[in-house]
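The exercises below are meant to be worked through with the sequence and the structure side by side. Try each task before reading its solution.

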Amino acid sequence: MAETPTPRVTYDFVTRAIARTLGNPGKGYYALLTLAVALLSVGIVCLLFLLRYGLGLAGYSHPVYWAVYITCFVFWVGIAHSGTLISAILFLFRSGWRTAVYRTAEAMTVFAVMTAGLFPLIHIGRQWYFYWLIPYPNERGLWPNFKSPLIWDEFAIGTYFTVSTVFLIMGLIPDIAAVRDMATGWRKKLYAICALGWRGTNEQWRHYTRGYLYLAALATPLVLSVHSVVSWDFAMALVPGWHATIFAPYFVAGAIYSGVAMVITLLVPIRKLFHLEDLITVHHFENLAKLCLLTGMIVGYAYCVEYFTAWFGGHAAERAAFWYRAFGPFWWASWTMIICNAFLPLLLWRKNIRTSILALFVISIFVNIGMWFERFVIIVESLAGEPFERFANATYNPTWADWGIMAGSFGWFFMWFLLFVKNFPAVSISEVKEVLPVPQRGKARAS
Amino acid sequence: MKLANPLTAIFHPPPTPGVLGVFGHVDAVVDAIGQLRKAGHTDFTVYSPVPRHEIEDALEQPVSPVRMFTLIGGIAGCAIGAWVTLYMSYDWPLVLGGKPIGSIPPYVVIMFEMTILFGALSTILGILFNALFAARRLGTVAYDPRFTNDKFGIFAPAETARAGPVESLLRGAGAEEVRRA
């Protein structure tokens, strides 16, 4: 592999460098963890108020009954997508560079789906009835309506969470075994249980590598289907601004775009805190930036197509919806989205920006903001600007309960992520070794 | 009288006597595998920190049966998805605008998701069962913690009386360390 970092990166170096991340991470780590827990506490307090006083606390007003919670749901599902892209799709494409970053991306996927899954529950108002979504035999003989995209969504997200979790755990097993063989004391016992008896025997590798291949092959269509299904939550409805055939590919590209940006946002501090500069190099960041650029251009194209079809289709309601989007009371949200998502990433055409970690970090944060606003624009503005409902047009304003729970979701996500990188190998040990030159007698040959 | 715990027999099979060789280089391992196979050994275990095609090729093992688990799981998932949606639609009919009660196009989504879910879960079971069956067959074999770090290893089962030639074979192929287990 061309990206073999430095000659001193050997098998032993990789194991030790990654095992070191499980040691004392220093003050910076605990400061971040405290911040995450503080944000989560804010969210929990807001949620308790919401439970006590009902959805009136959220800023819903007719006709805007899907707002910040659904925006956050779509945002977090989107964040989840790049993890599986990097771990499964790039695995099938045999991209060597993914090995150093895929574990972080995959963990991010699992925690982002965990975060996303909370929002439909928050949004339904009576959280204690969430189990009505599950098709279970009940005394009234009722079943859910399988023609509803909301039920498809439940199946898609449930499957995605399960499959991405088992995929993460499968990838972890050989690495936990490597850590087990270095650890001492209670940690050795814990990792010994988690490693499920892994020893790297030929029989284990034979079944494992095959199984991993099939898991990747199953996860690849899954990742594309999940955000398509999420987009159909909107596209199946007749609301102008939602009812578009472009929605599935548009959402999938946007999801991968926001997810790659979040991977960059997370990797920059992780690499610094845990001293992983030898393993996660500028080369990896540049490749992530290229993925970001590609998906960002697809998203920019989708914006153009949306506006173009609204105009070219000639339907008065569609035209009105998009006019409202660009020049209505929420113009600032639409333009934040367009500038952050379609224009800012064009800077990534320049190699010196792609290879500057600081610039990438800043751009990735703006992309995250832009992608949150994209969902806000699609969901809230389409509802608020609905021409059929013009007479009822109320001004929608998110309330403190909306912002608080949104902040809490970031706290929840970062808390799990930080706990993960401290307690489990945050970079794949065995897969990083796979792209290193294998030790041979007398010579070292690249794989 | 104390009865043996059946789980102990499954998860901790009795130790197998034999010879363990520790290798630093993958080509030495490949040589040793070739020589062991030529000498008629079959059930030896090769340890490696990463999966290597050289080792796989030298062992010439059949393709893992995990793929059958994936296939059967996927087909079962698809069938379960179709059954769940159609059965439930007809059990509680929602009659709307003269549309079919059980309509396939929206159910394809559920069938697809269930295919992936059951396929993935049965793949995991396939890996676990197959690895467990192999461990049961081979017994508890000697191991060295360096095998997950940077060393390769071969464990060849051999009775104490017949361990000598195996030892010299592994040493001759380039083992850094050979010990009896």
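Two residues are taken to be in contact if their C-beta atoms, placed from the backbone, lie within 7 Å. The model used throughout is a predicted one.

**Exercise 1.** Describe the build of chain B, and decide whether the chain is spread out or compact.

Solution. Begin with the inventory, which for chain B comes to 6 helices and 4 strands, and then follow these elements from the N terminus, where they run in the order α-β-α-β-α-α-α-β-α-β. Next take the radius of gyration: for chain B this is 25 Å, whereas the globule rule gives 16 Å for 181 residues, so the chain is more spread out than a compact globule. The box filled by the C-alpha atoms of chain B, taken along the principal axes, is roughly 85 × 50 × 30 Å. A residue counts as buried if 20 or more other C-beta atoms lie within 10 Å of its own, and 40% of the 181 residues of chain B do so. Finally, among the contacts in chain B between residues at least 6 apart in sequence, 83% join residues at least 24 apart.

**Exercise 2.** Work out which elements of chain B touch chain A, and what kinds of residue they bring.

Solution. Count both sides to start with: the contact takes 52 residues from chain B and 48 residues from chain A. On the side of chain B, the elements that give two or more residues are α2 (26–38), β2 (45–47), α3 (53–59), α4 (66–91) and α5 (104–138). Of these, α5(B) supplies the largest share, with 17 residues.

**Exercise 3.** Where in chain A do Leu196(A) and His275(A) lie, and are they buried or exposed?

Solution. Consider Leu196(A), which lies in the loop between α6 (185–194) and α7 (202–235) of chain A and has a positive phi of about 55° although it is not a glycine. Within 10 Å of Leu196(A) there are 15 other C-beta atoms, so this residue is partly exposed.

Definitions and conventions: Residues are numbered from 1 along each chain as its sequence is written. Chains are lettered from A and ligands numbered from 1 in the order in which they are written. This is a predicted model: local features need pLDDT of at least 70, side-chain atom pairs count only at pLDDT 80 or more; totals for chains, interfaces and linings use all residues. Ala, Val, Leu, Ile, Met, Phe, Trp, Tyr, Cys and Pro count as nonpolar, Asp, Glu, Lys and Arg as charged, and the others, Gly among them, as polar. The radius of gyration is taken over C-alpha atoms; the globule rule is 2.2 Å times the number of residues to the power 0.38. A residue is buried if 20 or more other C-beta atoms lie within 10 Å of its own, exposed if 12 or fewer, and partly exposed in between; C-beta atoms are placed from the backbone.
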